[in-house]
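Good morning, colleagues. Please bring up the sequence and the coordinates so that we may go through the packing together.

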Amino acid sequence: MRQQQRLLAVPSIVCATFVGLVFCSRVECSSGGTIPGDAAPDSPEGEFCAAEVDYYAQCGLDAGCDLTSLNACGTTYGALNPAVAAAFVTCVAKSQIPCGVDFLTALESMCMQQALVNMTGDTVFSTLTSDYCNACGGGSNCATSFPEGSGFLAFLVADTIVTQVDKTCTVKSDASIAVCTKTFLTCEQNVVTAGFPADACGDGG
């Protein structure tokens, strides 16, 4: 997978920092604390939250405002495609997520790309693909290029957000393909951004 569109730094996913009050393993906190978000340690959400804590500790980040973002890790997990969240857990465990970047930039890491190379869209994403191609055209290659192109952001997120992108951003257009695509990308960015917790630090990092 390659990222062709880079319009959005999804806030507070991996660029946020952690105060360092609790240093956790992937499953349980060595200080006896709880995993942020009150997720069960043995659940996929719990592993994702613990991986975020691991990431902050690995990078030595210490901005206090980002503890708020870390505590919203359950919301972040819920906004992601489960396969993307699982890939993040795997790559953090290997210490192969670069520090100080937003989540989409992190997806450019070799580890994440290798983890996601076989990821395919489900029925909800297929519906979005069809509706986008009907709205904007794009020729015979539209459907195959959509996940790595205009649909890249939607490809990474949960079905509820994909559905919202479909409802909001695929209105039939008589504009040129270029104009229709630009409009879709802006709309997709806004819908996807709204699905994630706001950046508590307000600076994108």
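This is a predicted model: local features need pLDDT of at least 70, side-chain atom pairs count only at pLDDT 80 or more; totals for chains, interfaces and linings use all residues.

One aromatic cluster is formed by F125, Y132, F146, F155 and F184.

Y55 belongs to helix α1 and F88 to helix α4, so the pair ties together parts that are 33 residues apart in sequence. Are these two residues buried or exposed? Y55 is buried, at a relative accessible area of 1%, and F88 is buried as well, at 0%.

Two packed helices are described by the angle between their axes and the distance between the axes. For α1 and α4, the angle is about 40° and the axes are 9 Å apart. That makes α1 oblique to α4, since angles under 35 degrees would count as roughly parallel. The crossing of α1 and α4 is left-handed. Which residues make the contact? From α1 they are E47, F48, A51, E52, D54, Y55 and Q58, and α4 contributes A85, F88, V89 and V92.

Next, the nonpolar core. In soluble globular proteins, nonpolar side chains tend to be buried together. Here the largest nonpolar core has 48 residues, and those with the most contacts inside it are Y55, F88, I97, M112, L128 and V165. At least two residues of this core come from each of several helices, among them α1 (44-59), α7 (123-136), α10 (159-169) and α11 (177-194). The helix that gives the most to this core is α4, with seven residues.

Leaving aside residues up to four places away in sequence, V165 touches L128, T170, F184, E188, V191 and V192. Of these, L128 is also listed with V165 for the most contacts inside the core, and F184 is a member of the aromatic cluster with which I began.

Finally, a loop residue. S109 sits in the loop between α5 (103-106) and α6. Is S109 buried or exposed? S109 is buried, with a relative accessible area of 11%, the limit for buried being under 20%. Residues up to four places away in sequence not being counted, S109 touches Q96, I97 and P98.

Thank you for your attention.

Methods:
Residues are numbered from 1 along each chain as its sequence is written. Side-chain values use heavy atoms; hydrogens and water are left out. A nonpolar core is a set of buried Ala, Val, Leu, Ile, Met, Phe, Trp, Tyr and Cys residues joined through side-chain atoms within 4.5 Å. Buried means under 20% relative accessible area, exposed over 50%, partly exposed in between (1.4 Å probe, protein chains only). Helices (H or I, at least four residues) and strands (E, at least two) are DSSP runs, numbered from the N terminus. Contact means heavy atoms within 4.5 Å. Rings of Phe, Tyr and Trp (its six-membered ring) pair if their centres lie within 6.5 Å; planes under 30 degrees apart count as stacked, over 60 as edge-to-face and the rest as tilted. Axes are lines fitted to C-alpha atoms, for helices over the stretch in contact, and angles run from 0 to 180 degrees between N-to-C directions. Angles under 35 degrees count as roughly parallel, over 145 as roughly antiparallel, 65 to 115 as roughly perpendicular and the rest as oblique. A crossing is left-handed if the near helix is turned anticlockwise from the far one by less than a right angle, and right-handed if clockwise.
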